[in-house]
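Please read the following report with the sequence and the model open beside it.

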Amino acid sequence: MDTTQSAKTAQWNLPELMKQFDEQGYLLLPNVISQEKVDRLNAAIDEIVSREPDTLAHNIYNSVERHEEIASLIDEPSILPLIVNLLGYNIQLHISHLTIRKPNPNNTATETHSFINWHQDGPHPQFPRIHGITPTYYIKTCYILSDMSEPNRGNTKIIPGSHNRPYQPDTHNVTDDLPGEMQVCGKPGDVFVFAQNLWHAGAPNHSEFTRRQLFLGYSPIWMRPIDYRTATAEQLKNASPIRKQLLGVIDENPFKNYVPSESMVPLKQLYMGDAGRGGYAH
């Protein structure tokens with residue numbers, strides 16, 4: 001971990017951020033990655049998109065396999081301690097998903113999903129609910145790579161707190177206004193973190209800006225990843241122990257995904273444990 005990122009992480013009050021996440025279901029963290037890093041990521045995305053058919057919207061899954069610059073975010077050192085302390089240390093990369101939304105003033109629908117209606121993430125049929133509440137099974141980090149500082153630029157809409165109470169929207173149409181909704185606004189380099197059970201939507205882009213957001217999700221290592229089966233040999237070459245864990249490689253025995261030995265989960269070194277969680281129930 002370089003000293004810049006170490007200092008940034010040290011400035012964060014992790015127990016306070018975790019408390020806010022538990023209550024609201026999301027966090028918006030400013031200036032997580034540098035402008036230089038944003039530029040490198042956008043250059044990588046330019047390469048990727050140049051090989052894709054032209055469309056108003058791109059949804060490119062398993063993005064970490066597309067470019068090493070994107071793969072470098074798997075174990076981004078400024079974000080990883082937060083994720084480990086929200087989910088625990090027996091975790092893996094669950095999804096890496098690039099979304100691009102060009103200006104679309106007429107709300108033109110495309111096969112690549114120009115906009116996405118209100119939903120919780122998860123399988124079909126849905127995750128089991130307890131007393132009408134879907135538990136948090138995985139968490140997504142969203143790297144904002146274009147100027148999303150104003151609404152109506154294809155921003156993600158959310159209903160804060162909708163993850164921890166029984167909630168069903170009156171409408172699933174993203175163009176309808178829901179009570180309590182907000183648009184997540186941020187600048188390039190900011191990171192938006194949210195739980196999969198938070199109600200959210202991908203709004204149409206009515207601006208002159210192209211939205212670029214890169215999602216990396218994390219889940220317990222005993223869950224199946226969404227957009228890949230196993231890590232490739234290329235990804236594992238020269239990977240650190242932490243990177244190998246996040247790519248789901250801890251032991252040949254699948255039983256160890258449920259009950260790993262301590263040596264199999266190097267992320268444990270980032271975990272504060274209950275004593276460091278600010279004294280609130282999680």
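## A buried arginine and its partner

R153 is buried, with a relative accessible area of 11%, where buried means under 20%, exposed over 50% and partly exposed in between, using a 1.4 Å probe and protein chains only. R153 forms a salt bridge with D147, and their closest N and O atoms are 3.3 Å apart; the term stands for a side-chain nitrogen of Lys or Arg within 4 Å of a carboxyl oxygen of Asp or Glu. D147, for its part, is partly exposed at 29%.

This is a predicted model, in which local features need pLDDT of at least 70 and side-chain atom pairs count only at pLDDT 80 or more, while totals for chains, interfaces and linings use all residues. Residues are numbered from 1 along each chain as its sequence is written, and side-chain values use heavy atoms, with hydrogens and water left out.

## Other salt bridges

Side chains of opposite charge can pair when their charged atoms come close. A search of the whole structure finds 13 salt bridges, one of which joins the side chains of K157 and E181 at 3.1 Å from N to O. K157 lies in strand β6 (residues 156–158) and E181 in the loop between β6 and β7 (182–183), so this pair ties together parts that are 24 residues apart in sequence; strands here are DSSP runs of E with at least two residues, and helices are runs of H or I with at least four, both numbered from the N terminus. K157 is buried at 6% relative accessibility, whereas E181 is partly exposed at 22%.

K268 and E262 also meet through their side chains in a salt bridge, at 3.4 Å from N to O. K268 is partly exposed at 31%, and E262 is exposed at 55%.

Leaving aside residues up to four places away in sequence, L214 touches L41, S63, I70, L73, H97, L98, T141, C142, Y143 and L145, contact being heavy atoms within 4.5 Å.

## The segment after α7

V259 lies in the segment after α7 (241–246) and is partly exposed, with a relative accessible area of 42%.
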